[in-house]
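Hi there,

Here is the structure I promised to pass on. Have a look through it when you get a moment, and then read my notes below.

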Amino acid sequence: MNQSMSLDISAIRVGKIKLLASAHLPGVDLAGTQLSEADFYQANLVGVNFVGANLQKATLRANLRGADFTGADLREADFRNADLRGAIFMDAQVRGASFAGAFLNGAVLNNLDLSGADFRGADLRGVNFTRTILFQAEFSSANLAGADLSQADLEEANFTGAILRGTNLQRANLLCAIVDRADFNGAILTDACLQGTPLDSVN
């Protein structure tokens, strides 16, 4: 049986059902729902509307392609290995969230506070990070080719072994960033702050 047929969507919307592992809910409207600590492990949530939802500490290791998290509370949410291609995070609260190994191609994460966020091994090609605070963020082994990090705060961020080919870093703050073995071929570094960043260790 299709699991979406057996789930009470109205009960999910008021937060009565939070164990939703492997649920099939593509395109469902969950805007404004109270789903803190909900478990969506391996669920199909393609195109789901999570605008303004409370998903603090939720397990979102799921198919979230094209999901809308505008204004959502995603603090300490677990997005490890999730498919977030084309997802929107405008005005979301995302501090403490983990995106390690996630696929975020073309996602919108600009104007956010992602201090200390974990993007290790993530696919971040073409992601919009403009003006985002990424202080001490973890990007080791991540693929940031073609991403837009213009005016982003990347102070003390870790790019060890990361790919930044063609990445836009115009006016970005890379103060004391760790860039050991990173690939910056074709990256745009116009007016970027590189003080304390040892570029002799990069490609």
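Predicted model: local features only at pLDDT ≥ 70, side-chain atom pairs only at ≥ 80, totals over all residues.

Residues are numbered from 1 along each chain as its sequence is written, and side-chain values use heavy atoms, with hydrogens and water left out.

**The aromatic residues**

Buried here means under 20% relative accessible area, exposed over 50%, and partly exposed in between, with a 1.4 Å probe and protein chains only.

Rings of Phe, Tyr and Trp (its six-membered ring) pair if their centres lie within 6.5 Å; planes under 30 degrees apart are stacked, over 60 edge-to-face, and the rest tilted. The count comes to 12 aromatic pairs. One of them is stacked and joins phenylalanine 69 to phenylalanine 89, at 5.0 Å centre to centre and 15° between the planes. These two partners are 20 residues apart, and both are buried. Another pair is phenylalanine 119 with phenylalanine 139, which counts as stacked because the ring centres are 5.2 Å apart and the planes lie at 5°. Phenylalanine 119 has a relative accessible area of 0%, so it is buried, and phenylalanine 139 is likewise buried at 0%. One aromatic cluster includes Phe69, Phe89, Phe119 and Phe139 among its members.

**The polar residues**

Asparagine 54 is buried because its relative accessible area is 17%. A polar atom of the asparagine 54 side chain lies 3.2 Å from the backbone nitrogen of glutamine 56. Beyond its neighbours within four places in sequence, asparagine 54 is in contact (heavy atoms within 4.5 Å) with Thr33, Gln34, Leu35, Ser36 and Asp73.

Serine 98 is also buried, at 16%. With neighbours within four places in sequence left aside, the contacts of serine 98 are Ala77, Asp78, Phe79, Arg80 and Asp118.

Which class does aspartate 180 fall into, buried, partly exposed or exposed? Aspartate 180 is partly exposed, since its relative accessibility is 33%. From C-alpha to C-alpha, aspartate 180 lies 8.6 Å from asparagine 158, 22 residues apart in sequence.

Happy reading!

Methods:
Polar contact = N/O pair within 3.5 Å; in protein donor to acceptor, adjacent residues only side chain to side chain. Helix = DSSP H or I, 4+ residues; strand = E, 2+ residues; numbered from the N terminus.
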